[in-house]
Amino acid sequence: MAGLTFNKVVKRFGAVEVVRGIDAEIADGEFVVLVGPSGCGKSTLLRMIAGLEDISGGEIAIGGRAVNDLPPKQRDISMVFQNYALYPHMTVEENMAFSLTLAGASKEEKKQKVERAAEILGLVPLLQRKPKALSGGQRQRVAMGRSIVRNPQIFLFDEPLSNLDAKLRVQMRGEIKSLHRKLGTTMIYVTHDQIEAMTMADRIIVMEAGCIRQMGTPLELYDRPNNAFVAQFIGSPAMNLFPATVRDGRMVLETGIDSGIAPPAGLSQGDEILIGKRPEEIGLSNDGALQATVENIEPTGSETFVEIRYGQQHVSVVLRQRPAFTIGSTVAMQLDVGAFHAFQRRDGMRIA
């Protein structure tokens with residue numbers, strides 16, 4: 001096993017810089033998720049770790065050893081892709097043992113390693129089946145088993161659950177976390193799905209436009225986002241951001257109505273900010289100054305997601321109780337004055 005270090009890592013495609021001076025350290029045995037919107041550079045960064053993309057600048061070190069110039073086979077990593085890439089003419093056992101066969105492992109060594117991986121992944125009854133006789137989740141476990149038998153220092157996962165249905169994705173999230181607990185090996189996992197990131201990671205790296213916007217535990221990112229981008233990316237539904245201006249010691253919304261929230265210390269008259277409110281921190285009632293219109297209602301059973309329009313802004317609300325109002329109703333938005341986030345409007349950075 002080994003940790004991983006990025007030191008000012010850069011990737012350029014021609015004149016376009018898609019990874020911009022990444023600095024980060026991943027500890028030995030840690031489960032880290034790279035998350036961000038499409039095109040943010042997360043998959044490119046993963047491919048640079050694997051040696052599938054050249055590094056334009058900086059250094060990547062695995063276990064303290066720089067790997068910039070090492071070919072993939074010498075980096076002691078194993079990668080699980082979105083596409084299972086199983087050989088259809090081979091059995092599960094043969095697919096899992098294939099890399100060992102190429103390495104010239106003995107029959108006994110292959111048998112021992114495949115059986116161990118199959119036990120960990122619950123594949124023992126399926127070893128003689130071929131991929132066409134397996135479900136999507138079973139095929140993904142075979143792909144993971146093929147990686148386990150190599151006993152790498154680091155596992156890399158590139159959106160491995162994207163091809164599965166919703167129920168299987170939930171199941172496989174649990175299985176991958178269980179695998180991490182059993183093996184204790186460093187794992188780096190790429191996804192655009194922030195729910196996967198929140199439920200699986202020891203720490204999350206949030207990327208945007210080739211840069212790291214924040215790195216921390218799931219709850220650190222949720223409870224104290226460093227900037228407005230992270231605030232809206234982590235959490236589902238996303239955090240609501242209300243533009244406001246400091247006037248006479250109050251935070252006044254764009255509609256001209258006092259939010260009822262006192263500004264953080266250090267702000268001055270005329271400062272433009274964003275008030276961040278999680279959907280569960282907003283209530284709806286019949287009376288109040290912040291009048292809004294109900295645009296959509298999505299009951300999920302235990303919760304109800306409501307979308308309202310306040311002025312020109314769409315606002316997400318999560319209610320525990322089942323609402324009596326309907327689409328088109330006028331309601332009053334209630335902002336919890338004791339729970340809010342504040343960001344500079346000019347650059348989106350958090351106000352302490």
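1. Asp76 is found in the loop that joins β5 (65-66) and β6 (77-80), where strands (E, at least two residues) and helices (H or I, at least four) are DSSP runs numbered from the N terminus. The phi angle of Asp76 is near 55 degrees, a positive value in a residue other than glycine.

2. On the basis of the note: this is a predicted model, in which local features need pLDDT of at least 70 and side-chain atom pairs count only at pLDDT 80 or more, whereas totals for chains, interfaces and linings use all residues. Residues are numbered from 1 along each chain as its sequence is written, and side-chain values use heavy atoms, with hydrogens and water left out.

3. A further backbone feature is the peptide bond from Ser236 to Pro237, which is cis, with omega near -5 degrees; Pro237 is found in the loop between α8 (228-233) and β11 (240-247).

4. The protein chain is divided into domain 1 (4-232) and domain 2 (240-344), with bounds that come from an automatic or database domain assignment. The centres of the two domains, taken over C-alpha atoms, are separated by 39 Å, and the contact (heavy atoms within 4.5 Å) takes 9 residues from domain 1 and 6 residues from domain 2.

5. Between them, domain 1 and domain 2 bury about 610 Å², 56% of it on carbon and sulfur atoms; buried area is the accessible area (1.4 Å probe) that two parts lose on being put together, summed over both. Of the area that domain 1 buries against domain 2, 63% is supplied by Tyr222, Ala228 and Ala231, more than by any other three residues.

6. Across the interface of domain 1 and domain 2 the rule finds 0 salt bridges, a salt bridge being a side-chain nitrogen of Lys or Arg within 4 Å of a carboxyl oxygen of Asp or Glu. The structure holds 12 salt bridges, and one of them joins the side chains of Glu53 and Lys11 (3.7 Å, N to O). Because Glu53 lies in the loop between α1 (42-50) and β4 (57-62) and Lys11 in strand β1 (residues 4-13), this pair ties together parts that are 42 residues apart in sequence.
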